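Colleague: Please take me through this model one question at a time, starting with the packing and ending with the backbone.

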Amino acid sequence: MTAGSILAPQVIPLRASIPGKAKHEIDTNTLVAIKSDSSAVTIYYTLDGSKPQLFRKFGSRDHTTFKYQEPITLPDGKITIKALAVTKDGRESAIVTRVFVVEYVTPNTDGSHEDNAEESLNVLCRQASYKHLWHLLQIVMIVFAAIVVVLSHLQAWEQADVSLPTPTPNLAEKKQQGTQTIGLFYPSSKLLEQQSHRLASQKKQQNKISHPKVTAISPGQGYWRQQLAHICAHLRSYAQNNLEFRSVVGEPQLGRVRAAESRQLLREVGPEGQGQPFLVEQLIDEGADPNCTDGAGPPALTLAVLNKHPQVIPVLVQKGADIDRQSGRLKNTALHEALSLGLGGLGCIEALLRCNASIKKENAHGLTACDMALKSGNDQIMSLFAGKLG
């Protein structure tokens, strides 16, 4: 890192780790802190994903940039926080982006967390969302197949529909007239034929009214593109009314992670790379897995520690890297590996402790990071752990 540069601020939720929940999933009672390791800086942030603007009146209706003073709470939904640090002479740090999925809960007046039963229910609901999506797709396919079958049958019925022939009157060359005697009238054969023809036409008209012709009703008017648009509209409506379904669909790891970006990420934090934070963040945004490994090798975070790239550790953790993941034959975490480097890993030790790495997780030999720090006998390392232990 160049001399005089400003460290980017960190957006950290102030809550304990909850089993079954991702680090970006919080509730409306969770406080979110924004801090910078650079001294004498002011932090500005936005909650709508826009870039913080520093040259307008803060809090105005057309401006969404706020000055950070104390930990804040977020409204429910998917919230994108962007923050930057500014010195008194106008120098700015890099903009940090952090996305949270906030779930609304009843405010806790006593500050207590939710009980274990509610946490277990949230985990089950999140797992069931994948099944909901699959069941919904199955129902859509069944309905689509039924529509196709009904349309084919209706088309066959229309082709087989043959109208009855209209009876033609037998016109006689001989002119016929009715006769009448005293009190009696005898109609002619032509008049009788006209009456029978009129009765037959009335009966046919009644049959048309009582048995109307069946026609197909298509929401897409018979065009497959419009049919698919109608189905997608139903999916959008379901997603808008289901917060859990939206959060599952919006998971970054739900799609296929591209292997090329993951290999480039490992190369950047490896011995041949320079460990540039902006490049690591760009690779993860383009689809690289922050927890990727090269076969049986260590994950990206441990690889950055082994190659002494402390500047990329906050970026990897903010993008979802498991800071306490164990790897290798000794089952060491990234903090274990940093302690094994001695004073050469001092920068990595500071960065990992700032990101709340566990100092009590044991490796295959039953040693915690705190045990290794005490065994090192180094005053600087032990002072860091003493500050962590309070």
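**Packing, burial and backbone**

Colleague: Is the crossing in which helix 5 passes helix 6 left-handed or right-handed?

Modeller: This is a predicted model, so local features need pLDDT of at least 70 and side-chain atom pairs count only at pLDDT 80 or more, while totals for chains, interfaces and linings use all residues. Residues are numbered from 1 along each chain as its sequence is written, and side-chain values use heavy atoms, with hydrogens and water left out. Helices (H or I, at least four residues) and strands (E, at least two) are DSSP runs numbered from the N terminus; a crossing is left-handed if the near helix is turned anticlockwise from the far one by less than a right angle, and right-handed if clockwise. By that rule, the crossing of helix 5 with helix 6 is left-handed.

Colleague: How are helix 5 and helix 6 oriented to each other, roughly parallel or roughly antiparallel?

Modeller: Axes are lines fitted to C-alpha atoms, for helices over the stretch in contact, with angles from 0 to 180 degrees between N-to-C directions. The axes of helix 5 (residues 259-269) and helix 6 (residues 277-285) come within 9 Å and cross at roughly 165 degrees. Angles under 35 degrees count as roughly parallel, over 145 as roughly antiparallel, 65 to 115 as roughly perpendicular and the rest as oblique. Helix 5 and helix 6 are therefore roughly antiparallel.

Colleague: How many of the residues in the contact of helix 5 with helix 6 are nonpolar?

Modeller: Contact means heavy atoms within 4.5 Å; from helix 5, Glu261, Gln264, Leu265, Glu268 and Val269 meet Leu279, Val280, Leu283 and Ile284 of helix 6. Ala, Val, Leu, Ile, Met, Phe, Trp, Tyr, Cys and Pro count as nonpolar, Asp, Glu, Lys and Arg as charged, and the others, Gly among them, as polar. The contact has 2 charged residues, 1 polar one, and a nonpolar count of 6.

Colleague: How many charged residues does the contact of helix 11 with helix 12 have?

Modeller: Helix 11 (residues 369-376) and helix 12 (residues 379-389) have axes that come within 9 Å and cross at roughly 145 degrees, and the crossing is left-handed. Ala369, Cys370, Ala373, Leu374 and Ser376 of helix 11 make the contact with Ile381, Met382, Phe385 and Leu389 of helix 12. By class there are 8 nonpolar residues and 1 polar residue, and the number charged is none.

Colleague: How is helix 10 oriented to helix 12, and by what class?

Modeller: Helix 12 also meets helix 10 (residues 346-354), with an angle of about 0 degrees and axes 11 Å apart. The residues involved are Leu346, Ile349, Glu350 and Leu353 in helix 10, and Gln380, Ile381, Leu384, Phe385 and Lys388 in helix 12. That angle makes helix 10 and helix 12 roughly parallel.

Colleague: Is Leu316 buried or exposed?

Modeller: Leu316 lies in helix 8 (residues 313-318) and touches Leu265, Val280, Ile284, Pro290, Ala300, Leu301, Ala304 and Ala321, not counting residues up to four places away in sequence. Buried means under 20% relative accessible area, exposed over 50% and partly exposed in between (1.4 Å probe, protein chains only). With a relative accessible area of 0%, Leu316 is buried.

Colleague: What is the relative accessible area of Val101?

Modeller: Val101 sits in strand 7 (residues 96-103). Its C-alpha is 9.6 Å from that of Leu74, 27 residues away in sequence. Val101 counts as buried, because its relative accessible area is 17%.

Colleague: Which accessibility class does Lys331 fall in?

Modeller: Lys331 has a positive phi of about 55 degrees although it is not a glycine. It lies in the loop between helix 8 and helix 9 (334-340). At a relative accessible area of 43%, Lys331 is partly exposed.
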